[in-house]
Amino acid sequence: MKQFLNFINGEFVATSKTFENRAPVDNSVIGLVHEAGQAEVDAAVKAARAALAGDWGQLSVVKRVDMLNAVADEISRRFDEFLEAELADTGKPHSLASHIDIPRGAANFKIFADIIKNAPTESFQMTTPDGGTAISYGVRVPLGVVAVVCPWNLPLLLMTWKVGPALACGNAVIVKPSEETPATATLLGEVMNTVGIPKGVYNVVHGFGPNSAGEFLTRHPDVDGITFTGETRTGEAIMAAAAKGVRPVSFELGGKNAAVVFADADFEKAVAGVTRSAFENCGQVCLGTERVYVQRPIFEKFVNALKEKAEVLKIGPSNEPGVGLGPLISSEHKAKVLSYYAKAKAEGANVVTGGGTPTMSGKYAEGHFVQPTIWTGLPESSPIIREEIFGPCCHIAPFDTEEEAVRLANDTPYGLATSIWTSDLSTATRMANSVHVGLCWINSWFLRDLRTPFGGSKASGIGREGGVHSLEFYTDLRNVMIKI
Ligand code: NAD
Ligand code: 6OD
C-alpha cells in the first residue's frame, strides 16, 4: 500500500496515526496518509527556523533564483509522475491537469524566480532640518517561517502559487496540504532534495484542520505568517489563530461568482466561456460561475445553448478520451452538492438539465460523479444563489439594464471574480469599474498573467498575490535612512 509521509527537515517521516486517501473516481484506497501530530509540527517549525538561521538564510538572491529554476525544471522532468499523482488524488480529466495543474506547478517557481531578480525598492532623498541631506531606501527581508495551508481543488497549482513566492523571497515554509490530496506536495519533497534545496526550507505536514496538523500549525507561536486558500469559514478560524501574536495572513477564500452576458456579446464565445466557468474541474474552481445573468433578448436562446453544452459533456474517469467532467472530490462533498440539487427542486427551481447523478458502469458506480446542472426561476434570496455550492451547476436569470446587472452581480457577501461578456468596450469598462470583485474578466475566464494581482474582495479574501504583489506578504519591508 502506498504511504504518504510527512516531509520534515529533508526527511520523509512516518507516524503511528494514518488515514486513508481515496480515489474520487471509484472510492478505492490509493494509500495511507501519515497524520502529523503536535510533535511533527513542532519539528517542522524548528527545522524551518534553523534553515533560516543557516545556509538558506545566507544564500544570495542569484543562487536562490537558480535553485527555484531547478525546482521548476525538475517538476517538468517528472511531469508524468506529478500528473499521475494529481489525477489519482482528484480524478480530474487528464486534459485539464496536463494543460493547467502541472505546467502551472512548474511555472509558479519560474515566474517568482524572475520577479525576485528584478524587484525594485523605493528610495527618497530629502533635506534634513539642519540643511543637510538624508537618503532612505527600502530593503525587503523574508517574513520568516510561513505556514501554507492548501485546499484540494488544484492541489499542486495552488500550493506552488504560494510556495514559489515564499521561497523566492527567502522564507522557509511548512505546507499543510488538504487531507483529500496529499500526493503532489509529498512528491515535491523529493524534488527539493534532488535539486539541493537546504533541509528545513520546504516541509510538509499531513492531516486535517481542527485538532490536527492544520490547527497545530496555524496556532504555532513560532510561525511568522499564514497564507491560506480555502473556505471563508476556515479562514475565520485561521484568522482567530493568527490573532495570537498578531501574525499576518494572506487569504484566498470562497466565492459566488457571477457571469454577466449582454445581448451584444459574441454568442458562441459567451456560451463556450460560461460552459467552462460553470463546469470546469466539475465546478470545483473558486473562480467558477454559479450565477449567470443574461440580458433578456437572448435569455431563452442562451439557456438552451448552455443546456446543449452541458448535455454533451462526457462524464468519466481521468484517462478516458474525451472526458470533460470528472467526479467531485469526496463522498462528503458529493452529499453537499446533491443537498443543493435537492434544495433547488424543493424551492421550485426549473431544472433545465441535470439535478442528479449519472449512471456509471462498473467500479465507477462508486465514484463521486454528479450531473452538470442548470436551473432557472429561483428568487435571488434562494440559498442556491447566495451560497457557494462548489459543484458543476449554475442558476441563470434574465436582466434588462446595465444598472440591474451591476446590482445583481454585487448582491453577495463574496467578491472574488466576475466575467463580463459584451462586444461594447464602454459597457465592459463601466462594468469592470462597478463590480466589487478582485478579478474581473472581459470576454474570457480564468485567463492568467502571473504578474498581475490575484485575490478576492469582501468575504473572498485578504490581500493580493501574484507578481510583485506577492512580495507585500512574503517580505517585511524595512526602511533604512542614511544621514549624509
Ligand atoms: P477548506 O477550508 O475546507 O480546507 C482548506 C485547508 O484548510 C485544508 O488543508 C484543511 O485541512 C485546512 N483546515 C480546515 N480547517 C482548519 C483549521 N481550523 N485550522 C487550520 N487549517 C484548517 O477548503 P477546501 O474544501 O479544501 O477547498 C474548497 C474551498 O476553497 C472553496 O470554498 C473554494 O472557493 C476555496 N478556494 C478559494 C480559492 C481562491 O483563490 N480564492 C482557490 C481555491 C479554493
Ligand atoms: O491561477 C491562480 O493563480 C489561482 N490562484 C487560481 C485559483 C483557482 C481557484 O480554484
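A nitrogen atom of ligand 1 sits 2.6 Å from a polar backbone atom of Leu 253 in this predicted model. A polar backbone atom of Cys 150 is 2.7 Å from an oxygen atom of ligand 1. An N or O atom in the side chain of Lys 176 also lies 2.7 Å from an oxygen atom of ligand 1. The protein covers 92% of the 860 Å² of accessible area that ligand 1 has on its own. Accessible areas come from the Shrake-Rupley method with a 1.4 Å probe; for residues, only the protein chains shown count as cover. Around ligand 1 there are 31 residues, of which Cys 150, Glu 179, Thr 234, Leu 253 and Glu 388 come nearest. A residue is counted here if one of its heavy atoms lies within 4 Å of the molecule or strand in question.

Ligand 2 has 13 residues around it. The nearest are Arg 104, Asn 153, Leu 154, Cys 286 and Arg 448. A polar side-chain atom of Arg 104 is 2.7 Å from an oxygen atom of ligand 2. The side chain of Asn 153 places an N or O atom 2.8 Å from an oxygen atom of the ligand. Cys 286 contributes a backbone N or O atom, again 2.8 Å from an oxygen atom of ligand 2. Of the 310 Å² of accessible area that ligand 2 has on its own, the protein covers 99%.

Residues are numbered from 1 along each chain as its sequence is written, while chains are lettered from A and ligands numbered from 1 in the order in which they are written. Local features need pLDDT of at least 70, side-chain atom pairs count only at pLDDT 80 or more, totals for chains, interfaces and linings use all residues, and side-chain values use heavy atoms, with hydrogens and water left out.

Seven strands form an open sheet of mixed pairing, in the order 15-16-17-14-13-19-20. Helices (H or I, at least four residues) and strands (E, at least two) are DSSP runs, numbered from the N terminus. Two strands pair if DSSP finds at least two bridges between them. Strand 15 (350-353) and strand 20 (439-442) are the edge strands, each pairing on one side only. Neighbouring strands are turned by 25° against each other on average, direction ignored. Axes are lines fitted to C-alpha atoms, for helices over the stretch in contact, and angles run from 0 to 180 degrees between N-to-C directions. Strand 15 runs antiparallel to strand 16 (residues 373-376), joined by three bridges. Thr 353 has Ile 374 of strand 16 as its bridge partner. Helix 11 (residues 299-312) lies across strands 13, 14, 15, 16 and 17, at about 165° to strand 17. Contact means heavy atoms within 4.5 Å.

A second open sheet has three strands in the order 1-5-4, with mixed pairing. Strand 1 (2-4) and strand 4 (18-22) each have a single partner strand, so one side of each is left without a neighbour in the sheet. Neighbouring strands here are turned by 35° on average, direction ignored. Five bridges pair strand 4 with strand 5 (residues 29-34) in the antiparallel sense. Phe 19 stands opposite Val 33 in strand 5.

Methods. A polar contact is a pair of N or O atoms within 3.5 Å; within protein, one must be able to donate a hydrogen and the other to accept it, and residues adjacent in sequence count only if both atoms are side-chain atoms.
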